[in-house]
Amino acid sequence: MRRRTIAGYGAAGAGAIALTLFVGWWRVDGPGAPEPIGQRPMALTEMDFRLTDHEGNEVGPETLIGRPTMAFFGFAYCPDVCPTTLSDISGWLDDLGDEAKQLNVVFITVDPERDTVEAMAEYVSYFHPEIRGWTGPEGQIARIADGFRAAYERVPTEGGDYTMNHTASVFLFGAAGRFVTMIDYHEPREFAVPKIRRALEEETEGAT
């Protein structure tokens, strides 16, 4: 009888873990994850925002024009999705070698309350040196997210703290500022890197 009870507890525990993992998948990779608003991202030339990079320089849409751009929205306190994606991006840039220097690569916070310039500088230092961190006032973050058609929301947690849900895909733009495509969260490297090369080719085509 006791054995049966222990087995029952074990099954219940496994079920609870499975449920937790399912809920996590639902909110990050599954139908419950924030997605782009449903419209094609605007061209960078049509956007209007003023932010600050992790070195204290003012940046805007014009900062990204002239070279292909890879952009990802997230936040430094993110426990899983952001460090995983930034590690993936670092690997893609390593694969590109010298071609990586032809790209703008930006990590845009959706949590400017905590992600100060100093916090962003420390955070991006853990990843590939080509990755730039961008932060700024909440209103300006909302403007750039709207232009990219990226979604994010603040989610209260226990103890009065909070986390952020956000679009987990990587955006790719050509050198002229036109949207090219997206790289999905967890997309294999053998699919992601060719998409980046496609954005690089847009630069070549625009120059000829």
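Residues are numbered from 1 along each chain as its sequence is written. Because the model is predicted, local features need pLDDT of at least 70 and side-chain atom pairs count only at pLDDT 80 or more, while totals for chains, interfaces and linings use all residues; side-chain values use heavy atoms, with hydrogens and water left out.

The secondary structure of the protein comes to 6 helices and 9 strands, where helices (H or I, at least four residues) and strands (E, at least two) are DSSP runs numbered from the N terminus. Of the 208 residues, 44% count as buried; here buried means under 20% relative accessible area, exposed means over 50%, and partly exposed lies in between (1.4 Å probe, protein chains only). Among contacts between residues at least 6 apart in sequence, 69% join residues at least 24 apart, a contact being heavy atoms within 4.5 Å.

Strands of a sheet pair through backbone hydrogen bonds, either parallel or antiparallel. In this analysis, two strands pair if DSSP finds at least two bridges between them. An open sheet of 7 strands has mixed pairing and the order β2-β1-β5-β4-β3-β8-β9. The edges are held by β2 (58-59) and β9 (179-183), each of which has a single partner strand, so one side of each is left without a neighbour in the sheet.

A walk along part of this order shows both senses of pairing. Strand β3 (residues 69-74) runs parallel to strand β4 (residues 104-109), with 6 bridges joining them, and phenylalanine 72 has phenylalanine 107 in β4 as its bridge partner. Strand β3 also pairs with β8, this time in the antiparallel sense and over 4 bridges. Here phenylalanine 72 stands opposite valine 170 in β8. Strand β8 is in turn joined to β9 by 4 bridges, again antiparallel, and phenylalanine 171 finds its bridge partner in methionine 182 of β9. The strands β8 and β9 form a hairpin with 5 residues between them, and glycine 177 in the turn has a positive phi of about 95 degrees.

Threonine 181 lies in strand β9 and counts as buried because its relative accessibility is 14%. Leaving aside neighbours within four places in sequence, threonine 181 is in contact with Val170, Phe171 and Leu172, as well as with Lys195 and Arg198.

Another hairpin is formed by β6 and β7, with 5 residues between the strands; glycine 159 in its turn has a positive phi of about 80 degrees. Strand β6 (residues 152-156) and strand β7 (residues 162-166) run antiparallel and are joined by 5 bridges, with tyrosine 152 opposite histidine 166 in β7.

Positive phi values also turn up in residues other than glycine. Arginine 149, in the loop between α5 (138-148) and β6, has a phi of about 60 degrees. Arginine 149 is buried, because its relative accessible area is 13%. Histidine 186, in the loop between β9 and α6 (189-207), has a positive phi near 70 degrees.

Rolling a probe the size of a water molecule over the atoms shows where empty space is left. A cavity is a set of points, on a 1 Å grid over the protein atoms alone, where a 1.4 Å probe fits but cannot get out, and lining residues have an atom within 4 Å of a point. The structure holds 1 cavity of 30 Å³ or more. About 40 Å³ of space lies in the largest cavity, the volume being the space filled by probe spheres set on grid points that are joined across faces, edges and corners. By class, the lining has 4 nonpolar, 2 polar and 3 charged residues, with Ala, Val, Leu, Ile, Met, Phe, Trp, Tyr, Cys and Pro counted as nonpolar, Asp, Glu, Lys and Arg as charged, and the others, Gly among them, as polar.

Finally, a search of the whole structure finds 0 disulfides, a disulfide being a pair of cysteine sulfur atoms within 2.5 Å. Cysteine 78 counts as buried because its relative accessibility is 9%, and cysteine 82 is buried with a relative accessible area of 0%.

Note on methods. On a 1 Å grid over the protein atoms alone, a cavity is a set of points where a 1.4 Å probe fits but cannot get out, and a pocket is an open set with protein on both sides within 12 Å along at least five of seven lines; lining residues have an atom within 4 Å of a point.
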